[in-house]
Amino acid sequence: MIPDTSTKAEAAGRAHAHALVALEGLPVALVVAVTAALAWAGGSILSGAWLGWESLVGLALAAVLISGAAAAPPRAAVIGLTGLFGLAGWDALSLRWSPVPSLARDEALLVLFYVLAALIVAVSLRTEDGRTIAAALVVAAAGALGVATAIELALGAHPENLYDGGRLSAPIGYANGQAAAFALAFWPAVALAASRRLPVAARAVLFACAGVCIAGWIATQSKAAGVGLAAGGILLFAVSRERLRLLVPAVLAAAIGAAAYRPVTAPYRAVEAGAAAAARHAGRSWLLVAAEAVGVGLAYAAADRTIVVAPRVRRLAAIAVAVLVAAGAAGGAAAIALHVRHPESYVAAKWHAFKWPPASETGSSHFETLGSDRYDMWRVAFDAFRAHPIAGIGARGFGVLYLQKASIQRSPARSHSLELDALSETGIIGFALLALGLGGLFVAAAAGSRTRAVSAAIVASAVGWL
C-alpha cells in the first residue's frame, strides 16, 4: 500500500503558511503592546514617558529590515511616511524660534515615534490574513484596556480617582483621549465580528470588545468621540458592500454597551460622599456588559455560520436599510424644525453657549453640556497662525502663548485641535507636511475598502479620529 503523502504535504503547507502569518504579526503586536503599556501608564506628551519605548520600536523595525522579511510599502504609504518624517524634521528645525526649545525637541521625537510605528506596520504586513490579525490585536488591546479599567473600578480602593469631573479619564489621564482609544476600535471590532473567516470564539471576543468600547466611550462622556463614531459609521455603511452584514453586529454591540448608560455615567451625578460607590457600580456594570456581549457574540457568530441569505433578499434588505436611514434623517430634521420656533435665536444661543464654558454643569451627563474652553483655545491658535502663517510660532509654543492671550483662566499645553496646532505652531509648511503624511496613509489604508469590510472599518475609524 502506497502511503498518501499529498494530505501530509498539504497539512504541512497550511501549518507553514499559518506560521508565516503569525510571524508577520509579531512586529505589529509589539507596537500594540507598547501602545497599551503607554496608555496604562497614564499617557503623556513628555518624552520621559515614551522615549525608551520609541527606542524599542526602532530596534524592532531595524530587525525586520535586516532580516530581509520586510515588504515594500505601497506608494501612498511611502508618500505619507515621507510627509510625517518631514514634519518631524520641521518640528526639530523650529527649535530655533520656538519659545520652549526643549518641548519642540520632544514634539519632533514624538512625531518620529509615529513614523516608526507606521513604518513597522507598512513593512511587516504582507497578506490579508496578516492585516486581519493586526486589526484584531488593536481591537483586543482596546477591549482589554476597558476590562482592566472596569476591574480597577469595581475592586480598587479609590475608584473615584479614575474620574475627572465625573467623567472617566483613566488610565490615559484625559477623558477625550480615553474616549478616542475606545472609539477607534469600535468599527474594526464590528467588521471582525462579522467576518465568517474567523472562528466563532474569536468573533465572540471581538464582538464583546465592541460592546466594551461603547460602554467605555459613554463613561468618558466625550461628545467629540460620539461625532467621530457617527461619522465613521456613515462612511462605513456608504462605502462597504458588506453593509448589511455589518449592520447586525453593529446594532447589537451598540445596544449592549448603551444599555449601561445610567450606571457608567452615575459618577457624574454622584455627590462627593457617594462618588466611590458610584464608581464601583459603574465598574461592575461595565464588566456585566463584557460578559453579556461574549454570550450574545457567541450566539450571533454561531447562528451566522448556518444562516444563508439569498442575494435578492440581501439587495432588498440593503434598500430597506437605506430607506429607513433616509427616513430617520428626514424625521429628525422635521422634529428639530417643529421644536425650534425661532431658528436664528436658537443658533445664536447655542453659539454663545459654545463660546463660553458654563459656570457649573447641571445636566444628567456631560453629553448635555455644549460650552467649553475650546473656542478660546482655537481663537488664540488661529490668531497665532495669522500672525506667523509660514513657519508658525514653533513646535509646542501654544502653551506659552495661551498664558499671554487667554480670556479664560486655563493653562492647556495644546489647542485641542490637531489642525490648529499644526497651523499655529508650524505654519503652512508644517500643516502641508501633516496633510501629506495623513493623506498618504489614509489612501494606503483605503485600498480595497469597498470589497474588504475590515479595510473599510479602519478607514471609518481614521475618519472618526480626524
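This is a predicted model: local features need pLDDT of at least 70, side-chain atom pairs count only at pLDDT 80 or more; totals for chains, interfaces and linings use all residues.
Residues are numbered from 1 along each chain as its sequence is written, and side-chain values use heavy atoms, with hydrogens and water left out.

**Exercise 1.** Classify the aromatic pair of phenylalanine 182 and tryptophan 286.

*Solution.* 
- Start with the rule. Rings of Phe, Tyr and Trp (its six-membered ring) pair if their centres lie within 6.5 Å; planes under 30 degrees apart are stacked, over 60 edge-to-face, and the rest tilted.
- This rule gives ten aromatic pairs.
- For phenylalanine 182 and tryptophan 286, the centres are 5.8 Å apart and the planes make 80°, an edge-to-face pair.
- Now place the rings. Phenylalanine 182 is in helix H6 (residues 175-193) and tryptophan 286 in helix H12 (residues 275-306), so the pair ties together parts 104 residues apart in sequence. Helices here are DSSP runs (H or I, at least four residues), numbered from the N terminus.
- Check burial. Buried means under 20% relative accessible area, exposed over 50%, partly exposed in between (1.4 Å probe, protein chains only). Phenylalanine 182 is buried at 1%, and tryptophan 286 is buried at 2%.

**Exercise 2.** Describe the pair of tryptophan 187 and phenylalanine 237.

*Solution.* 
- The centres of tryptophan 187 and phenylalanine 237 are 5.9 Å apart and the planes stand at 85°, so the pair is edge-to-face.
- Tryptophan 187 lies in helix H6 and phenylalanine 237 in helix H8 (residues 223-239), so this pair ties together parts 50 residues apart in sequence.
- Tryptophan 187 is buried at 9%. Phenylalanine 237 is partly exposed at 22%.

**Exercise 3.** Which residues of the largest nonpolar core touch the most other members?

*Solution.* 
- A nonpolar core is a set of buried Ala, Val, Leu, Ile, Met, Phe, Trp, Tyr and Cys residues joined through side-chain atoms within 4.5 Å.
- The largest one has 55 residues, and Phe186, Trp187 and Trp286 touch the most other members.
- Helix H7 (200-220) is among the elements that give it two or more residues. H7 supplies the largest share, twelve residues.
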